Every structure is written in C-alpha cells, then in structure tokens.
Amino acid sequence: VRRRTAAQELLNGLNKYGLPVERLVNPYVLEFDAGEILCLDGEPVEWLFFLLEGRAKIFMTVDTGENLILNLWDGYGVLCDMELFMGDGIYHASCRAITPVRGIALPLDVNREILLGCNEYLRRTCRSFARTMAKDRNVFNNILYPVEARLCSYIAINGTEGEWSDNLTQVSELLGVSYRHLLRTLRGLCAKGVLRRTESGYVVADQRAFASYNKGFVTMEET
C-alpha cells in the first residue's frame, strides 16, 4: 500500500459521496496493487475509505475457513460505512483489490462526528444500505444461482475486455464451490463455446451466450 497527500482534484472526487470536503480532517490517498488486501475481518478500524478508481471485492471468511463473496466494487464503494455506525472499532468483512485501487482515506477517530453530522452523506449512505437490502441480493444469489451463472457474472466484473485470469482456488472459495467443481464448470463453458481457454486464462468466445449466463453478482452503485 502507498500513502500520499490528497491533491484537491482528488478530494473533489468525494463530492459523489455527499461529503463536506472542506470540513474533513487529514484526508490522504491510499493506493493498492491488484491482489492486495485493503482490510481484514476482525482487525481494528483505522479509516473510512472512499474508492475513486479500480475494482475490489468484499468477502467474509466462514467457519470452514472458506471465503464467501459479499459485494463487488467497480469505481465506487465505501469501506467501513457500516463500522462507522456500529462503533465497535473492528472491520466486519475483508476487502481485496482486483485491479490497482486508489481512493481517499479519512482517519475515523477525528472525522466520525463530522460524518455523522453531515445530512447529505447520511442520506446517501442510507439509500445505499436500502439498495443493498432491496436489490443487491449478492449473498443469496451466490447460493441460489447455478454455478455457471455465478461464474460468468464474476468473470464479467473481474475480466478486462472479455479476457479473464484469476487464482482459481480463491475463485472457488468465493463462489462457494469446490476447486474440481469450478474446473468442470469452466470446461463445460468452453465445450459450449461460451469461453475459450488461452495460455494466460480464459476469453469470452460468444458474447450473446455469455450474457445469458451472466447472473448472480451486482456491483455497488453511486447514490
């Protein structure tokens, strides 16, 4: 992770979150490489993080030691919004960068009361929570949709211009299936002409067929 001073043009990017930029205390930029952990479930909360660029996945680790994906970010997302209101000082989920990620971090101890006193930020946060409950049924979709649908949805979000490569062990955990089941599913999609195996990973071979399978995950939306 790299930390640097937040330039004004980056701070202006916080306007989409409804934040009172001029009142924020000690904001700074954090940059993460692809695959880097932003936070871990159970660790002490240091800052509230507002995503400006990049993609990341939010997940939880269940009792078996496997990971279950909860949400996906694509250019928009807030890390520690729930923890801000719970006030118990620990993260309740983990986050890993899919691509290089950049955003603004706000030290929580000196900004908590400012954020809780900002009506516009609270309004947008409540709307985001409501959308999560009413629309973004990621946890249930992750269980109820067929593996093919969940996998294609995951590829659509995590791939780049139809190309996708990832750690398949981690992907199987995030989708809630065994590693062998994931490999069988990938082979099946290749046999149907939906995907094509390459030296570096997979590429979408039939966009129309791929779109018909693409169900299961929804990215966080701007409010």
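1. The α6/α8 pair. In this predicted model, helix α6 (residues 147-158) and helix α8 (residues 179-191) pack at an angle of about 80°, so the two run roughly perpendicular to each other. Their axes are 10 Å apart.

2. Who makes that contact. On the α6 side you'll find V147, E148, L151 and C152. Helix α8 brings H181, L182, T185, L186 and L189. Sorted by class, the contact has six nonpolar residues, two polar ones and one charged.

3. Helix α7, which side is in? Have a look at residues 168-175, where L168, V171, S172, L174 and L175 are buried. These residues span an arc of only 165° around the axis, so they sit on the same side of α7.

4. The ends of α7. At the start of the helix, N167 has a side-chain oxygen within 3.0 Å of the backbone nitrogen of T169. After α7 comes G176, and its phi is positive, near 75°.

5. S94, worth a click. This serine belongs to strand β8 (residues 94-97). With a relative accessible area of 3%, S94 counts as buried, because the cut-off for that is under 20%.

6. What surrounds S94. Setting aside neighbours within four places in sequence, S94 is in contact with C39, L40 and D41, and also with K57, I58 and F59.

Technical notes: Residues numbered from 1 in each chain as written. Predicted model: local features only at pLDDT ≥ 70, side-chain atom pairs only at ≥ 80, totals over all residues. Heavy atoms only, no water. Axes fitted to C-alpha atoms, helices over the stretch in contact; angles between N-to-C directions. Helix = DSSP H or I, 4+ residues; strand = E, 2+ residues; numbered from the N terminus. Parallel < 35°, antiparallel > 145°, perpendicular 65-115°, else oblique. Contact = heavy atoms within 4.5 Å. Nonpolar A, V, L, I, M, F, W, Y, C, P; charged D, E, K, R; others polar. Buried < 20%, exposed > 50% of the residue type's maximum accessible area, 1.4 Å probe, protein only. Arc of directions from axis to C-beta. Polar contact = N/O pair within 3.5 Å; in protein donor to acceptor, adjacent residues only side chain to side chain.
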